[in-house]
Amino acid sequence: MAKQERAIRTRRAILEAAGAVFDEHGYTSTTIAMVLERAEVTKGALYFHFPSKESLAQAVLDEQVPFGAIPPQPCKVQEIIDITFVVAQRLLSNALLRGSMRMAVDQCAPQGVDHTGPFRQWVDHLTPLMEQARRQGELLPTVEPRATVELLVGSFTGIQLMSRALTEREDLGRRLSVLWSHMLPSIAVPGLLLGLDSRADRGARVLASLESRVAS
């Protein structure tokens with residue numbers, strides 16, 4: 001059991017180090033030696049978990065969706081809003097998530113690295129929530145859940161890239177709030193709009209609430 005726990009911690013340390021290095025340097029300029037130095041592990045330990053640079057990059061890519069984990073909410077539109085804001089807030093400080101986001105749009109990675117994974121995973125994760133929102137009467141009758149989620153995922157990707165380029169994501173919360181201000185009137189029933197919270201600091205408030213629950 002102790003060996004298994006140590007292996008899990010080592011794998012996580014390698015992933016977090018790789019995320020940081022991929023975020024800072026991109027796929028092409030990142031070397032295994034750089035990841036080893038950042039993770040402070042041996043080459044043998046790294047290759048035990050990841051046999052190649054490509055497999056390491058793929059593992060970093062596959063880590064995105066768990067960063068959006070929040071408790072279920074009665075209003076599914078609000079739950080989707082909160083997931084986007086929590087991811088945006090975590091992008092400010094989490095190196096693994098930042099590296100995963102960069103890898104998803106890094107066109108220099110070889111064909112063996114599947115860039116489509118995070119996009120498909122986010123769509124598959126959010127579409128059932130949007131479908132439940134429709135069943136609960138939260139959406140306008142013209143809304144197609146999967147197409148709406150695909151638009152949301154693509155839009156989030158674009159605005160976080162723009163925010164990273166212009167302000168190192170310091171204004172990502174504001175940009176995400178603007179995105180929702182345009183999307184919500186097009187998808188949510190009018191009676192729901194006033195009760196939805198998509199203010200720029202929503203991510204910080206949701207995470208603070210989660211942390212207080214854990215502490216208590």
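Student: Which residues of α5 and α6 meet?

Tutor: Contact means heavy atoms within 4.5 Å. Helices are DSSP runs (H or I, at least four residues; strands are E, at least two), numbered from the N terminus. In this predicted model, Val87, Arg90 and Leu91 of α5 meet Leu97, Arg98 and Met101 of α6. By class, four residues of this contact are nonpolar, none is polar and two are charged. In this scheme Ala, Val, Leu, Ile, Met, Phe, Trp, Tyr, Cys and Pro count as nonpolar, Asp, Glu, Lys and Arg as charged, and the others, Gly among them, as polar.

Student: At what angle do helix α5 and helix α6 pack?

Tutor: An axis is a line fitted to C-alpha atoms, for helices over the stretch in contact, and angles run from 0 to 180 degrees between N-to-C directions. Helix α5 (residues 76-91) and helix α6 (residues 95-104) pack at about 105°, and their axes are 8 Å apart. That makes α5 roughly perpendicular to α6. The categories are roughly parallel under 35 degrees, roughly antiparallel over 145, roughly perpendicular from 65 to 115, and oblique for the rest.

Student: How do α4 and α6 cross?

Tutor: The axes of helix α4 (residues 53-61) and α6 come within 8 Å and cross at roughly 110°. The two helices are therefore roughly perpendicular to each other. Ala57, Val60 and Leu61 in α4 meet Leu96, Gly99, Ser100, Met103 and Ala104 in α6. This contact of α4 with α6 has six nonpolar, two polar and no charged residues.

Student: How is the pair α8 and α9 arranged?

Tutor: Helix α8 (residues 145-167) and helix α9 (residues 172-187) pack at an angle of about 155°, with axes 9 Å apart. That makes α8 roughly antiparallel to α9. The crossing of these two helices is right-handed; a crossing is right-handed if the near helix is turned clockwise from the far one by less than a right angle, and left-handed if anticlockwise. Among the residues that make the contact are Leu151, Phe156 and Ile159 of α8, and Leu176, Trp180 and Met183 of α9. The residues of this contact divide into twelve nonpolar, four polar and one charged.

Student: Is Arg169 buried or exposed?

Tutor: Buried means under 20% relative accessible area, exposed means over 50%, and partly exposed lies in between (1.4 Å probe, protein chains only). Arg169 has a relative accessible area of 2%, so it is buried. Gln78, found in helix α5, counts as buried because its relative accessibility is 7%. Leaving aside neighbours within four places in sequence, Gln78 is in contact with Gln73, Gly195, Leu196, Asp197 and Arg202.

Student: Where is Glu16, and what does it touch?

Tutor: Glu16 is in helix α1 (residues 2-29). At 39% relative accessibility, Glu16 counts as partly exposed. Neighbours within four places in sequence aside, Glu16 is in contact with Ala95 and Leu96. Glu16 and Leu97 are 81 residues apart in sequence, and their C-alpha atoms are 8.5 Å apart in space.

Student: What can be said of Leu210?

Tutor: Leu210 lies in helix α11 (residues 202-215). With a relative accessible area of 16%, Leu210 is buried. Not counting residues up to four places away in sequence, Leu210 touches Ala69, Ile70 and Pro71.

Student: Which residues does UniProt list for "DNA-binding region"?

Tutor: In an unreviewed entry, UniProt lists residues 31-50 for that feature. UniProt positions are given in the numbering used here, feature names are shortened, and annotations may be inferred rather than shown by experiment. The span of residues 31-50 is 75% helix and 0% strand, and its end C-alpha atoms lie 13 Å apart.

Student: On what basis are such values computed?

Tutor: Residues are numbered from 1 along each chain as its sequence is written, and side-chain values use heavy atoms, with hydrogens and water left out. As the model is predicted, local features need pLDDT of at least 70 and side-chain atom pairs count only at pLDDT 80 or more, whereas totals for chains, interfaces and linings use all residues.
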